[in-house]
Amino acid sequence: MAGAVAVPGALRVAVIGGGPGGLYAAALLKRLDPAREITVWERNAPQDTFGFGVVLSDETLGGIEHADPTVHRALSAEFVRWDTIEVVRGEHRLSSGGHGFAALGRRRLLEILHQRCRELGVRLCFRTPAPPAAELALDHDLVIAADGVHSATRQAGAEAFGPRLTTHRCQYIWLAADFAFDAFRFEITRTRHGVAQLHGYPFARPAPDGGGQGASTVIVEMREEVWRAAGLDRCDPDTSAAWCARLFAPALDGRPLRGNNSQWTAFRTVVNEHWWHRNTVLLGDAAHTAHFSIGSGTKLAMEDALALAACLTEQPTVPEALAAYETERRPVVESTQRAAAASLRWFEDLARYLPQPPRQFAFNLLTRSRRVTHGNLRLRDAGFVTAVEREAGTPPGTPPMFTPFRLRGLTLRNRVVVSPMDMYSAVDGTPGDFHLVHLGARALGGAGLVMTEMVCVSPDGRITPGCAGLYTSEHEAAWRRVVDFAHRASPGVAVGVQLGHAGRKGSTRLMWEGIDDPLPAGNWPLVAASPLPYRPGISQVPRELDRAGMAAIRAEFEDSARRAARAGFDLLELHCAHGYLLSGFLSPLTNRRTDAYGGSLTARLRYPLEVFDAVRAVWPAERPMTVRISATDWAPGGMTAKEAVTVAAAFRARGADAIDVSTGQVVSEERPEFGRSYQAPFADRIRNELAVPVIAVGAISSWDDVNSLILAGRADLCALARPHLYDPHWTLHAAAEQGYSGPAAPWPPPYRAGSRRPPTGRTDAPKPRLTLGG
């Protein structure tokens, strides 16, 4: 029967797991077609459940309302709603409003779904382990595996589903308090062993007759090493609950905490390459998990059920329906998992942020997942955001991105950087009219710092024949023309040069002719830390640099730096990222040397630091230098985020004024975790562990992102590339859209008439106020 049945007809459906997702899927499928024979197997008793409260969003409730008003009415009658988040750290207690949550008890949610399933005729088998999914698939048209994070179905079908499970660094425990918090509460406290945090929210109202005070979920979480040092790994559940109650006695007003077979555990992120196989489909935690700190587990499972039921109604066969279900849900789930991962990591590394001022700390916590932003939070609670900005010293009426920033003797008028972008438009290394127009336009566009593309220190150090250089007098004069124009046309703009050497990634075609493909003819010899091609079997094998070659290239960097100073550049960045020559020395994947320049990280750092020292010695003392690094190689055995902190500290100790934190592009087999602002956490870590200025880069696309990163203390400057290709005046437009017209975003006199958005067609026609019947 598997796989060829027309979906609108009668179906035999087996549901493994009686959690909210499995029950709701069963109820929906039965409601949509009463002829369906649906059985739910649940190994536990009806009243057994993990955890206490469940949070659902208005978006999820809207979907439930449309799909099954009966369930929606029952849920709505039970919900506890609140809109305030409290952040408590030591003696500081800060509140932010306008957030909007709805919660109810998990046991009550299950009771509502049990009742609805029985009304519709779904067969519920409690205290009954389900037969294996493969067995059920033989005599059912559809098997829904909603058997949770420890899914036996997923494990048995691992070859088909391709699961990846990641266990994280904190231990946590679900508990409950028999009173209702008046807000969603995050409380952070120090113990003698380290930091612990409480996540608490109400899920039951106080009784109207005064017979009860309601109830709240309380999750206590801490790093595993703190948990072990406190002896909690040796405590039974009751002792653990009592310990947590004592630790957070002020938040609980001395009340006890209770468990429900509660055990300490580490959160596990579940990702699957495929969500279905033949007529078996994964749903909820069996398919994916999202950390509890963004409250999305039950929400995702119930949304899965809605989508699955809809696809089974819309598609002609089971396989087509399951494919449509995964296509619809995967992007939503992946986006949620990215946000959850950011939130999870924030709490894992919470101790890093404790030195922050109290309001910045609270803002950082509230925006940790990147789903709540500066602008979004201002809409919710303008007073809170204004207080954060005041604490940070932001002038009234000034968005954080338009506060100046000082590096050595250079003051940048705002926090926006035009990121280095290779243009592949030079002729024999000489920048021409294209570069004048390209960089001149971005200088006129309002950014605080405009960076050149990677400017190469020798002909053999170029990536492509179209790459710019700074190794002849002609190059120097051409760059001086560009810099002079930018300074003259946009007073106050800073122009920076990025110096680099392509190493093993050189002698390739222009990007649009075949990125990283070798030239069809006229290739020049390549050098690298080790004789490893970038793309084995395709790229040229480089020659391993000897000491004489290293000294010669170091001298080329010095010469180019002198030329850059004479050309008038305000800032110099040394390119030690993206797999180019200096990056190739840093990464253990590309440096296999056995001499003093290979092996340990200290040895791998030696040559990049020698080049930095040589450049710093000839670069004017009052002008700043930055270093771009790849903070991770996105590949097993490569550079790690922890090592990146060591690399940044080494360059800082030698005089780097800021670290430009990028990632990857070091090895061709990398697997980046792309997403909005996906590289910013690496900059955040370096900034807050080392107290060193950082430039964040990587899919930062909106001025709201920039404001959020700056105000939260995750970055000092934000570099944007593609947004500046789309809109050379991105910074000025960001100012106009925020109503800012101060000194950090001056419109060039010839452009001032365009400083307001042009009017469009009329959209303010009077709306009908009265409708009269016939």
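In this predicted model, the charged end of Lys505 lies over the ring of Tyr580, at 4.8 Å from the ring centre. A second contact of this kind involves Arg255, whose charged end sits over the ring of Phe179, 4.0 Å from its centre.

Phe179 also takes part in an aromatic pair. The ring centres of Phe179 and Phe181 are 5.0 Å apart and their planes meet at 75 degrees, so the pair is edge-to-face; the cut-off for that class is an angle over 60 degrees. Phe179 and Phe181 are both buried. Phe179 thus has Arg255 over its ring and Phe181 as an edge-to-face partner.

Another pair is formed by Trp227 and Trp264, with 6.4 Å from centre to centre and 55 degrees between the planes, and this one is tilted. The angle falls in the tilted class because stacked requires under 30 degrees and edge-to-face over 60. The two residues come from distant parts of the chain, 37 residues apart: Trp227 belongs to helix α8 (residues 224-229), while Trp264 is in the loop between α10 (249-252) and β14 (265-272). Trp227 has a relative accessibility of 9% and therefore counts as buried. Trp264, at 13%, counts as buried too.

The aromatic pairs number 25 in total. Beyond individual pairs, one aromatic cluster consists of Trp82, Phe101, Phe184, Phe186, Tyr201, Trp346, Phe347, Tyr353 and Phe361.

The cysteines give a different topic. A disulfide is a covalent bond between the sulfur atoms of two cysteines. The model contains 0 disulfides. Cys456 is in no disulfide, and the nearest cysteine sulfur to it, that of Cys467, is 5.0 Å away. Cys456 is buried, its relative accessible area being 0%. For Cys467, likewise in no disulfide, the nearest cysteine sulfur is that of Cys456. Cys467 also counts as buried, at 0% relative accessibility.

On the scale of the whole chain, the domain assignment gives two parts: domain 1 covers 12-347, and domain 2 is made up of 399-662 + 680-692 + 711-744. The centres of domain 1 and domain 2, taken over C-alpha atoms, are separated by 45 Å.

Note on methods
Residues numbered from 1 in each chain as written. Predicted model: local features only at pLDDT ≥ 70, side-chain atom pairs only at ≥ 80, totals over all residues. Heavy atoms only, no water. Domains from an automatic or database assignment. Phe/Tyr/Trp six-rings, centres within 6.5 Å; stacked < 30°, edge-to-face > 60°. Buried < 20%, exposed > 50% of the residue type's maximum accessible area, 1.4 Å probe, protein only. Helix = DSSP H or I, 4+ residues; strand = E, 2+ residues; numbered from the N terminus. Lys NZ or Arg CZ within 6 Å of the ring centre and 35° of its normal. Disulfide = S-S within 2.5 Å.
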